[in-house]
Amino acid sequence: MWALTSLLLAGVAQAAIPNAMLRGMPPSLPKLPVSERFITSPNGTALPNITTIYYFDQLIDHDNPGLGTFKQRYWMNWEYYEPGGPIVFTTPGEVNAEGYVGYLTNDTINGLIAQQQNGAVIIIEHRFFGYSNPYDNLTSQSLALLTIQQAIDDLVYFATTADLPMSGGDAVKPGQAPWILIGGSYSGALTSYTMVNKPGIFWAGYGSSATVQTITDYYDYFTPIREYMPQNCSSDVQAVIAYLDGMYAANDTAGIQTLQEAFALGDLDHVSDFAAALQYNLWDWQSLLPGAYAGYVFYQFCDALEVKNGVNAGPDGWGLDNAIKSWGNFWNTTYYKHTCQDKDVETCLGTFVLTNPYWTNVTVDNWIRSWTWMVCNQVGFYQVGPPEGQPTIVSRILQPSYLERQCVNMFPEAFTYPPQPTTAETNRMYAGWDVDVPRLFFANGLRDPWR
């Protein structure tokens, strides 16, 4: 049942991503291992391997069908299907979908529903991710067609026009068979958005950790982390962050440089990049799964701070001096290599060097660039420091402007100045937390930063 629970609290390792908005992105569904097996239909007919790729002629622009179509990839398993059963439909969202065929099996809730209800399961790749691209590049001009609405329309157009490769697959469109739309994280939000925007197409929906309410200044991302991480670790992290912010307010550049050197990050040219680097240990929280054990990187981090000579610190931690020394040593001995591999510090963690190919790579199958486009334009979710007067494990040096500047770095043709994502418009169009749709189910975790 690991796969089922991991759908509820999914996370991905994201090492060596200099763009802080992506380190703390909504977690993609975890990839699931798929063992080779012989698949048959209920009547014993041999079926194609679930890794078989099918192609659908998707409209490039739903507002201008005359532009033609592109090949959108999808995968399908109908080993449990019997006439009258549902079509269970999902997209993994902001990733190349090729590694997600495990979601066609009964190792996941998708496949379990299909098995129980004698249905078929489909995974479709989101436009501009993987190799489902209307154009052969990811320039700003091409990405203009990467919007939430176009993604919604993709799902609806597929459901209402696709002739599926199974027997009778031309007669299971909505109205002929019930379609169930499933997603997690962003794709969970897309499930909700689709059922709000196009009612009556999908009979039911299920969103796991669905990020339905977009927000620009998402400092509350860190609230459940601060509240539920080990209290001693939280106390010591808060002490270090308060120390950094105090020096920044006093313009103590020498003190800040000394602190950066304690973490072996003295070569970072901007204190905001250093403050962002300290978030990395906290983002590891969202990679935890139910039943997480001490070997997870997040717990290694807290153990490094709070276990001294075999003794655990009390709830107040060991204090500032030990926290700086221990946290810095963890970066020196373990975490820098884990995060940056063999990259130098500015290449790995800096966001001000615009010649870095990270900002200019427009080749397809670059999820970082595609998701950044959506972040900058419609969804935001900038994880930053909270307002004054609130406890914090993240520096207040980090404000939305730090991340909005990176949108200009990556898309100078589209943005001449740092843009503010249209989160209020997104929430107005797709209902956000105010969604009220029959047969739409949500599953969320109390300790989930995306709750």
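Me: Which residues does phenylalanine 330 touch, not counting residues up to four places away in sequence?
Reply: This is a predicted model. Phenylalanine 330 lies in helix 12, residues 320–340. Leaving out residues up to four places away in sequence, the residues touched by phenylalanine 330 are Asn281, Val297, Gln300, Phe301, Ala304 and Tyr335.

Me: Is phenylalanine 330 buried or exposed?
Reply: Buried means under 20% relative accessible area. Phenylalanine 330 has a relative accessible area of 5%, so this residue counts as buried.

Me: What separates the C-alpha atoms of phenylalanine 330 and phenylalanine 263?
Reply: Ring pairs place Phe330 and Phe263 in a cluster that also includes Phe274, Trp285 and Trp331. Along the chain, phenylalanine 330 and phenylalanine 263 are 67 residues apart. Their C-alpha atoms are separated by 8.0 Å.

Me: How are helix 8 and helix 10 oriented to each other?
Reply: The axes of helix 8 (residues 231–249) and helix 10 (residues 271–283) come within 12 Å and cross at roughly 170°. Angles over 145 degrees count as roughly antiparallel. Helix 8 and helix 10 are therefore roughly antiparallel.

Me: Which ring does the charged end of lysine 308 sit over?
Reply: A charge over a ring is found for arginine 439, which lies over the face of tryptophan 203 at 4.4 Å from the ring centre. For lysine 308, the charged end is 4.2 Å from the centre of the ring, that of tryptophan 318.

How values were computed. Residues numbered from 1 in each chain as written. Predicted model: local features only at pLDDT ≥ 70, side-chain atom pairs only at ≥ 80, totals over all residues. Heavy atoms only, no water. Phe/Tyr/Trp six-rings, centres within 6.5 Å; stacked < 30°, edge-to-face > 60°. Lys NZ or Arg CZ within 6 Å of the ring centre and 35° of its normal. Axes fitted to C-alpha atoms, helices over the stretch in contact; angles between N-to-C directions. Helix = DSSP H or I, 4+ residues; strand = E, 2+ residues; numbered from the N terminus. Parallel < 35°, antiparallel > 145°, perpendicular 65-115°, else oblique. Buried < 20%, exposed > 50% of the residue type's maximum accessible area, 1.4 Å probe, protein only. Contact = heavy atoms within 4.5 Å.
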